[in-house]
Amino acid sequence: MSAWILPDHIADVLPSEARHIEELRRGLLDTACAYGYELVMPPLLEHLDSLLSGSGEALDLLTFKLVDQLSGRTLGIRPDTTQQVARIDAHLLNRKGVTRLCYCGPVLHAKPDRPHATREPLQFGAEIYGHAGVEADVEVIALATQSLRVAQLHDFSVDLADVRIVQRLLAGLLVDLPTLRRVHAALAVKDASELASLTRDFPQAQRDGLRALLHLYGDVEVLAEAEKALAAIPGVAPILADLRQLASRIDSPAVTFDLADLRGYSYYSGMRFAIYARGVTDALVRGGRYDEVGAAFGRSRPAVGFSLDIKQLVPVVEPRPLKAAIRAPWVDRHDMREVIARLRQTGETVVCALPGHDDEVDEFNCDRELAEVDGQWIVRSI
C-alpha cells in the first residue's frame, strides 16, 4: 500500500478549499459573537463516560475509542461537541442566568453519518442555556439562518418538527428499546409497511396517529391536518400551537414541517429543526431543544442550539473570489523590505515572486505590483 493513501472518508484539504473553509469559519464565529455568544474550545478527547453521558447509542457508535496510557481509562475522540459544551455550562461556568456559547473545531466519526460524508467534519455550533421560552428557539434559528447568509447561501428552507409528538403518541405503552428504535427509524424514512408491522399490537388511536405522521409533512397547512388527525392524543395540541408560533417568527424563504422527522441524536427533547438548501438532499444545519442534556452532569436546565459542518457547506455555496494581492519582485534591498513591511502592516497581502517564478501565484489575485519608479517604490495596477 502506498504511504500517501489515507483511510476511507478521510482527506487532505488543499489550498483553495482550505481558504474557503477558513473564511467561512471566521465569518461564522464573528456572526455568533455579534449575537453575544462566547467562544469555548473543548478538548478533542476526554474520558468516554463523560463524553457520552446521556447521549444514546447513535453517538456511541460514531465514537473512536482508545486507552489512555497514563491512566488506563478508556478515552473517546469527540463525535459531537454538544455534550462537552453542556459539561462546560454545568460545571466550569455554573452560571445562574442565560449563557450563550459557541464553538468551532474538528470532530471524528468512526463511520460516515451519511453517504459520501467525511469522517472528520469541522463542526460549528451555538447554544443557549437557561431560557425555556420560545424566544431562545427563535434566536437560535435566526443565528442559524444568518450563518448561512454569511456563507452567501440565501435559497434555503427551515424544516420544523417536535419529538414530543411521538412521545405523546407512545406515552403509557410498554415498548422495548429495540422496537422503539425501529419505530423511530420507520417514521424517519416513512416506511409504512415496517411501521404497520411494528405497531400491530398498539391501541388503535396510537396506531392511527403514528400512521398519520407519515403523511404530515409540507407547509403550514400540515399543522391543521395534524390537529385533526391527532386530536385524540392528549398533549399534542399545545405542541402544534408552539410550532405554529415559532414558524411565524422565522425569517426564511420557506418554512416547512415534517412531524415524523426523528433523525439526529437522542438527546433532543422538544422542538427540532433542519435547514436545507435547494437541490441538496442532506440537511446543512440541525438543531433544536435538548433541555435534559445537562442532567448527566448534575445540572439539568433549558438548552437549545444547532450545529453544522463547514466542510459540508463549502461545496454548496458559491466559491469565494481570490484575495487581492500585490506582487513584488525579489530584490535584496533594505528600502524595499521596509516598503513591503509597511504594506503588510496595513493589511495588504504582498507576494514576493522568487527568481524565475514570476507568475506562479495560485491562491491570490495579484491585481497590483510593486515597482520602482524614479528611485521610489510604488504600488501600481497590473
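In this predicted model, the side chains of Asp261 and Arg286 meet in a salt bridge, with 3.6 Å from N to O. Asp261 belongs to the loop between β9 and β10 and Arg286 to strand β11, so the pair ties together parts that are 25 residues apart in sequence. The two partners can also be described by their accessibility. Asp261 counts as buried because its relative accessibility is 4%, below the limit of 20%. Arg286, at 22%, counts as partly exposed.

The count for the structure comes to 32 salt bridges.

| Salt bridge | N to O distance |
|---|---|
| Asp261 and Arg286 | 3.6 Å |
| Lys65 and Asp60 | 3.1 Å |
| Glu22 and Arg26 | 2.8 Å |

Glu22 and Arg26 both lie in helix α1, which covers residues 15-34. They stand 4 residues apart, about one turn of the helix. Glu22 is partly exposed, at 26% relative accessibility, whereas Arg26, at 52%, counts as exposed. In the pair of Lys65 and Asp60, Lys65 is partly exposed at 43% relative accessibility, and Asp60 is partly exposed with a relative accessible area of 31%. Salt bridges also link Arg19, Glu23, Arg320 and Glu363 in a network.

Aromatic rings provide a further kind of contact. The structure holds 2 aromatic pairs. In one of them, the ring centres of Phe124 and Phe306 are 6.0 Å apart and the planes stand at 65°, so the pair is edge-to-face; angles over 60 degrees fall in that class. Phe124 lies in strand β6 (residues 122-129) and Phe306 in strand β12 (residues 303-309), so this contact ties together parts that are 182 residues apart in sequence. Phe124 and Phe306 are both buried.

Tyr268 and Tyr290 form a tilted aromatic pair, with 5.9 Å from centre to centre and 55° between the planes. Tyr268 is found in the loop between β9 (254-258) and β10 (271-277), and Tyr290 in the loop between β11 (285-289) and β12, so the pair ties together parts that are 22 residues apart in sequence. Both Tyr268 and Tyr290 are buried. The charged end of Arg272 sits over the ring of Tyr268, 4.8 Å from its centre.

The final topic is open space. Rolling a probe the size of a water molecule over the atoms shows where empty space is left. The second largest pocket contains about 340 Å³ of space. It is lined by 19 residues, and the closest to its centre are His116, Ala117, Thr118, Lys311 and Gln312. By class, this lining has 8 nonpolar, 4 polar and 7 charged residues.

Methods:
Residues are numbered from 1 along each chain as its sequence is written. This is a predicted model: local features need pLDDT of at least 70, side-chain atom pairs count only at pLDDT 80 or more; totals for chains, interfaces and linings use all residues. Side-chain values use heavy atoms; hydrogens and water are left out. On a 1 Å grid over the protein atoms alone, a cavity is a set of points where a 1.4 Å probe fits but cannot get out, and a pocket is an open set with protein on both sides within 12 Å along at least five of seven lines; lining residues have an atom within 4 Å of a point. Grid points are joined across faces, edges and corners, and a volume is the space filled by probe spheres set on the points. Ala, Val, Leu, Ile, Met, Phe, Trp, Tyr, Cys and Pro count as nonpolar, Asp, Glu, Lys and Arg as charged, and the others, Gly among them, as polar. Rings of Phe, Tyr and Trp (its six-membered ring) pair if their centres lie within 6.5 Å; planes under 30 degrees apart count as stacked, over 60 as edge-to-face and the rest as tilted. Helices (H or I, at least four residues) and strands (E, at least two) are DSSP runs, numbered from the N terminus. Buried means under 20% relative accessible area, exposed over 50%, partly exposed in between (1.4 Å probe, protein chains only). A charge sits over a ring if NZ of Lys or CZ of Arg is within 6 Å of the ring centre and within 35 degrees of the ring normal. A salt bridge is a side-chain nitrogen of Lys or Arg within 4 Å of a carboxyl oxygen of Asp or Glu.
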